[in-house]
Structures are given as C-alpha cells and as structure tokens.
Amino acid sequence: MTTSFPMNAGDDPYSYSKNSQLQKEVLDNAKEMVRDAIIRKLDIKILLSSSNTFRITELGCSIGPNTFSAMQHVVEALKEKYKNNIPEFQIFFNDHVTNDFNTLFRSLPIDRSYYAFGVSGSFHGRLFPSRSIHFAHCSTSIHWLSKTPKELLDEKSPSWNKGLIHYIGASNIEVMNAYVAQFEKDMEMFFNARAEEIVPGGMMLLISPQLSECLLKFFGSSLMALVNEGKLDESLVNSFNVPVYFPSIEDMTKVVEKNDCFSIERIELTHPTSKLVDEADAKTLMINLRAVLEGLFINHFGSKLAKEAFTRTILKSDEISAWMKIKYKKACQLFIALKRK
C-alpha cells in the first residue's frame, strides 16, 4: 500500500474516538501485565544514570481516548517504580502522517503528568534519529501489515483468494504463506528500527488482540452479496485482502530471535474477559471494526459501495450475535515484554 489508512477521524458517530470499546478492553486487561513488567524487569538505575528525563513512545496512538489510558497505566507504574525520585516524563505519540493529530491533542488530559509530542510516520521504519527512547508501547495496531499480501503476488490470477478478504478460511496455502511472509518482513523492519531507537536496558511492550479475525468474514459476505446483485465487480473483491495478521507466540518468538537485539522477558497468550464478546454484542463490535477499516475499504471500493457493505453488515448484528453465542471462541490477546540488550 502506498497510502496509509488511519482510524476514522473526528468525533462523528462512526469515528474511532467514539467506537473503540474493544481496544479499551485490550488495554484495561493488560494493565496489570504492563505494571508487572515495569516493576519487575525495568532497571531504572541503568537508564537514568546520566539524565533525569524518561522518554516513552506510543506506537500507533490513533486519536484517543485509549492512548491516554494506556500511557497513564505506564506512567503510574513508572512512578511506583521510581518512588521518591520521579523523573520528567516525555511521551511521543506516533501514528501515520494522515492521522487526526488535531483531535488527539485537543483531547489531551488536563491533569497529565508528562510532556506530550507528536511524531508522524509509520512505525515500520525509523522515527527517531538516535537512541533516546527508554520505553516503547504498541497496542492493538501491531498486527497491521505495511502492505496487502496480494501486492507480493501480482503475478497470481485474480482468483488468488476468491470470494474472501482475509487469510482466515482460505483454502489456498499460498494465501497464508503470503501473509506470514509479509508479517516477517514487516517485523524485521520494525525491530531493526526499534533497536536503533531504544536505549540499552530500555523496554518495549507489544499487545496484539486476537479477537476480530473471524468477524472479518461478515464484511466479506456483504461484499459478495453486492457482487451477486450486480452492484460490484467480483474481481474487485478477489483483489482485496485486509492487511492484518494475528501472530502466534511462535511467530513473535521467531522474529524477535532473528533480530537478536531484544530479550523476551515475558510472552503469553492470555484469555481476558470481554464484555463485548461475552454478551455477544455484535453491533458494537462491527461498528468498532468499521471505525478501523472504513478508510481501507473506501480506497479500494469507493465510498458508496464501502459504506453500503458496512451498513449491511451492521444490520446483520442479530445473526452475528447468534453465531457468536454458538461458535465464537473466547477473546484472547498476545502480550510481549521485550528488553533491549
């Protein structure tokens, strides 16, 4: 992809700021793991031996309010760690150049105990010119790929992933292999960049929700309904693949070990509680996904067809809720705590 597609901007009914309950659950469920990693694994004597400034970067911040909650969790744990010798905190909020930073900074907490900065650019590459970051945090966006796997296989036929928009459920093994290959390539760039930016002894926390993968098929079925009605060319659906990969523990371990600049302090797949999943609240879940994916869909299908596909999917909320109660697995998320060697 040559264009970035950030979360829906502003504060309208389908904006990310008003529709990110799922991401809030992920961050709240990880709060104690974040605290534990900081209290048990972060060596503050090494990090601040020559400075009283502690720099934190939030990778993939979007427009809030979840990013502020995540940073508050981090700062609270750091204050507990430092006790009476609390440093100056500087937090760098990062996202794509086209992210709605205006909304982000208008909603900064008044009572925050840190200085806030905006850093635009993809986290797959370098963001800072030298090692200066003590702590990096990336939640809910680490599973986004830098490009669609189909771009790797342009020589394949238009029916490469016929009728599907994701690798989940694909019968063609090349589809899965393409997603894995792109994930490994992206993470190689990601860890190489972070290794240049994070000071020795600094930490990085990654949180990857594994919940939404199967729900993508319902957006795909709405697109195919438009195809069957003659409103959409099937080749457009076949050439569209959502650039999201949900890594396993084995996937993440492999890319970290290949980079060899970070030690794995903790990695586990957790099964937190989720009000949205436990109550099979499909409507809220699908609107949350719309806030995340709408820009991507509009770029490929155009505004009219994309919005109709989302509207149709949300109207199937009762059907999706019934499916969730019978077949949907318990929510889970991957938590990784890394330390710069």
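**Entry 1: a threonine**

I looked up Thr57 and found it buried, at a relative accessible area of 2% (buried means under 20% relative accessible area, exposed over 50%, partly exposed in between, with a 1.4 Å probe and protein chains only). This is a predicted model, in which local features need pLDDT of at least 70 and side-chain atom pairs count only at pLDDT 80 or more, while totals for chains, interfaces and linings use all residues. Residues are numbered from 1 along each chain as its sequence is written, and side-chain values use heavy atoms, with hydrogens and water left out.

I placed Thr57 in strand 1, residues 53–59 (strands are DSSP runs of E, at least two residues, and helices runs of H or I, at least four, numbered from the N terminus). I then listed what Thr57 is in contact with, leaving aside neighbours within four places in sequence: Phe92, Asn94, Phe128, Ile133, Phe135, Ala136 and His137 (contact means heavy atoms within 4.5 Å).

**Entry 2: ring pairs**

I found 21 aromatic pairs in the structure (ring centres of Phe, Tyr or Trp, the last by its six-membered ring, lie within 6.5 Å; planes under 30 degrees apart are stacked, over 60 edge-to-face, the rest tilted). I took Phe240 and Phe301: their ring centres are 4.9 Å apart and their planes are at 65 degrees, so the pair is edge-to-face. Phe240 is in the loop between helix 7 (234–238) and helix 8 (249–259) and Phe301 is in helix 10 (residues 282–301), so the pair ties together parts 61 residues apart in sequence. I noted Phe240 as buried at 3% relative accessibility, and Phe301 as buried at 7%.
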